[in-house]
Amino acid sequence: MTSKLVQLQSKAAQASQLVAKHGGSYYRQLLERNKQYIQDPPTAEKCNLLSKQLLYTRLASIPGRYEAFGKELDSAKQLWKNRKELKVEDAGIAALFGLECFAWFCAGEIVGRGFTFTGYYV
């Protein structure tokens, strides 16, 4: 156990030295590559303005999203009406998609319970 701790400490020291040596240049390169997204001057007021713009832009996109959802729902209704013409491949794909959704739900439940299979910590 002690040898593992010493190994971990040495690896952490190496990592911190690497970050200290190359972190600044990586930071500058990152900012240079993405300078078109940087707002000048970088003030708290500008950040508040941008967050409000994001919020209201997202709110303004709700009608378009609602319309797209309606089209998807109409498409699903048409598919259900014409289910006699449905191919086996399409039904299999839909079944696999449903199974994947259920698997992701189960994984989320396990993570939400603190990575236990038996139940919630009370």
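Q: In which helix is the place of Ile62?
A: This is a predicted model in which local features need pLDDT of at least 70, side-chain atom pairs count only at pLDDT 80 or more, and totals for chains, interfaces and linings use all residues. Residues are numbered from 1 along each chain as its sequence is written, and side-chain values use heavy atoms, with hydrogens and water left out. Helices (H or I, at least four residues) and strands (E, at least two) are DSSP runs, numbered from the N terminus. On that basis, the place of Ile62 is in helix 3.

Q: What is the relative accessible area of Ile62?
A: Buried means under 20% relative accessible area, exposed over 50%, and partly exposed in between (1.4 Å probe, protein chains only). Ile62 falls in the partly exposed class, because its relative accessible area is 45%.

Q: How many helices does the protein chain have?
A: From the N terminus on, the elements run α-α-α-α. The protein chain has zero strands, and its helices number four.

Q: At what angle do helix 2 and helix 3 pack?
A: Two packed helices are described by the angle between their axes and the distance between the axes. The axes are lines fitted to C-alpha atoms, for helices over the stretch in contact, and angles run from 0 to 180 degrees between N-to-C directions. Helix 2 covers residues 44–60 and helix 3 covers residues 62–81. Their axes are 4 Å apart, and the angle is about 35 degrees.

Q: Which residues of helix 3 does helix 2 meet?
A: Contact means heavy atoms within 4.5 Å. From helix 2, Arg58, Leu59 and Ala60 take part, and they meet Ile62, Pro63 and Arg65.

Q: How many residues of the contact of helix 2 with helix 3 are charged?
A: Ala, Val, Leu, Ile, Met, Phe, Trp, Tyr, Cys and Pro count as nonpolar, Asp, Glu, Lys and Arg as charged, and the others, Gly among them, as polar. The contact of helix 2 with helix 3 has four nonpolar residues and no polar ones; the charged residues number two.

Q: What separation do the centres of domain 1 and domain 3 have?
A: Domain bounds come from an automatic or database domain assignment. The protein chain is divided into domain 1 (10–39), domain 2 (40–84) and domain 3 (86–121). Taken over C-alpha atoms, the centres of domain 1 and domain 3 are separated by 38 Å.

Q: What radius of gyration does the protein chain have?
A: The radius of gyration is taken over C-alpha atoms, and the globule rule is 2.2 Å times the number of residues to the power 0.38. For 122 residues, a compact globule would have a value near 14 Å. The C-alpha trace spans about 65 × 50 × 35 Å along its principal axes. The protein chain has a radius of gyration of 26 Å.

Q: What percentage of the residues of the protein chain count as buried?
A: Arg113, in the segment after helix 4 (88–112), is buried because its relative accessible area is 17%. Of the 122 residues of the protein chain, the buried percentage is 2%.

Q: Which residues does Arg113 touch, not counting those up to four places away in sequence?
A: Arg113 lies in the segment after helix 4. With those sequence neighbours left out, Arg113 touches Gly119, Tyr120 and Tyr121.

Q: What is the omega of the peptide bond from Asp40 to Pro41?
A: Most residues other than glycine have a negative phi, and most peptide bonds are trans. Pro41 lies in the loop between helix 1 (2–33) and helix 2. The bond from Asp40 to Pro41 is cis, with omega near -5 degrees.
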